[in-house]
Amino acid sequence: MVYSLKKKDLLTIYKTAHLIRSTEERIANEYPKGEIRCPTHLSIGQEFVPSILSLFISKNDYCVSTHRGHAHYLAKGGSLNKFIAEIYGKETGCSKGKGGSMHLIDKKAGFMGTSAIVGNSIPTGVGLALHIKLRKLKSLAIVYLGEGATEEGVFYESINFAALKNLPVLFICENNLYSVYSPLSVRQPKKRNLKNIMKSMGIDSYKCDGNNIDKCFKILNHSIPIVRKNRPVFIEFTNYRWREHCGPYFDNNIGYRSEKEFLKWKKKDPMKKLEQYFILNSLKENLYKIQKQNFNIIANSFKFAKSSKFPHPQKAFSSPYK
């Protein structure tokens with residue numbers, strides 16, 4: 001595998017993607033113990049788009065996400081300690097233990113929240129972009145959504161408003177082919193072309209293989225300057241979640257997708273390809289150093305979460321964001 005990116009950038013991308021995957025794999029291992037009581041939607045297999053995007057944004061940029069938001073939260077710089085504490089329901093969590101996996105927020109990192117309701121965070125992200133424009137801030141808003149959210153009315157209302165007002169908002173659609181257990185074929189017409197639909201509504205629109213690091217980098221490098229000039233951009237990234245819709249297990253045995261399909265997508269895994277590249281290009285020590293650092297960070301975060309206290313019942317009706 002040959003990459004056009006600088007080795008420094010590849011190592012940075014890998015560090016973020018490896019942290020995300022290793023964190024979620026640890027969650028998957030811990031979940032059956034019964035100490036994590038909230039539903040959790042893992043994004044293993046979908047780590048690289050947010051990891052690459054992190055090269056182009058800062059904490060001054062705003063970001064909102066979906067029920068499958070762990071990768072987005074961590075790539076934006078959200079506190080890992082507070083994230084793990086949150087899924088354990090502890091008072092040190094980013095939502096004071098009241099929200100769980102689907103309600104992550106870290107305002108210090110510019111990560112303004114995830115939502116359990118499909119499409120719910122889209123207008124919030126557009127509102128943040130309006131705030132940026134009205135205040136003349138040097139920032140942009142990022143809205144993560146799944147392809148299932150493009151079937152919601154609020155998606156089109158938000159796209160229309162962003163185009164009409166020329167807002168600095170980047171829509172990132174992660175198309176992993178399924179909405180829970182329903183494939184695209186039972187939800188959308190065969191000839192539906194999201195890229196063309198967005199263009200017809202006045203939005204610069206692109207489609208990209210979310211497993212191709214070079215292509216993702218190039219399209220984001222092209223798009224971010226456009227958004228910063230108050231022009232909304234929509235990018236559809238194709239990717240694939242490896243584990244079940246909600247929970248820590250693999251579910252290819254239940255029939256809605258095949259083992260053959262799963263193995264086909266797993267073969268595209270950018271993580272393994274990048275690791276092989278590092279080994280073949282005398283970066284083995286850098287690779288192992290990143291892995292060791294990430295594993296230590298994750299282990300300490302779980303220790304922090306497990307040693308933290310549960311919130312007092314009297315705090316049930318106080319705001320988690322104060």
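**View 1. Strands β3 and β7 of this predicted model pair side by side in the parallel sense.** Strand β3, residues 169–175, and strand β7, residues 233–238, are joined over six bridges, where two strands pair if DSSP finds at least two bridges between them. One of these bridges links C173 to E236 of β7. Strands (E, at least two residues) and helices (H or I, at least four) are DSSP runs, numbered from the N terminus.

**View 2. Five strands form an open sheet with parallel pairing.** The strands follow the order β1-β2-β3-β7-β6, and β1 (62–64) and β6 (204–209) stand at the edges with a single partner strand each, so one side of each is left without a neighbour in the sheet. From one strand to the next, the twist averages 20°.

**View 3. Helix α8 lies across β3, β6 and β7.** This helix, residues 213–228, runs at about 160° to β6, with angles taken from 0 to 180 degrees between N-to-C directions, and with axes fitted to C-alpha atoms, for helices over the stretch in contact. Contact means heavy atoms within 4.5 Å.

**View 4. Helix α1 packs with helix α4.** The axes of α1 (residues 7–30) and α4 (residues 80–87) are 12 Å apart and meet at an angle of about 25°, which makes α1 roughly parallel to α4, a term for angles under 35 degrees. L19, T23 and I27 of α1 make the contact with L80, F83, I84 and I87 of α4.

Residues are numbered from 1 along each chain as its sequence is written. Local features need pLDDT of at least 70, side-chain atom pairs count only at pLDDT 80 or more, totals for chains, interfaces and linings use all residues, and side-chain values use heavy atoms, leaving out hydrogens and water.

Definitions and conventions: Parallel < 35°, antiparallel > 145°, perpendicular 65-115°, else oblique.
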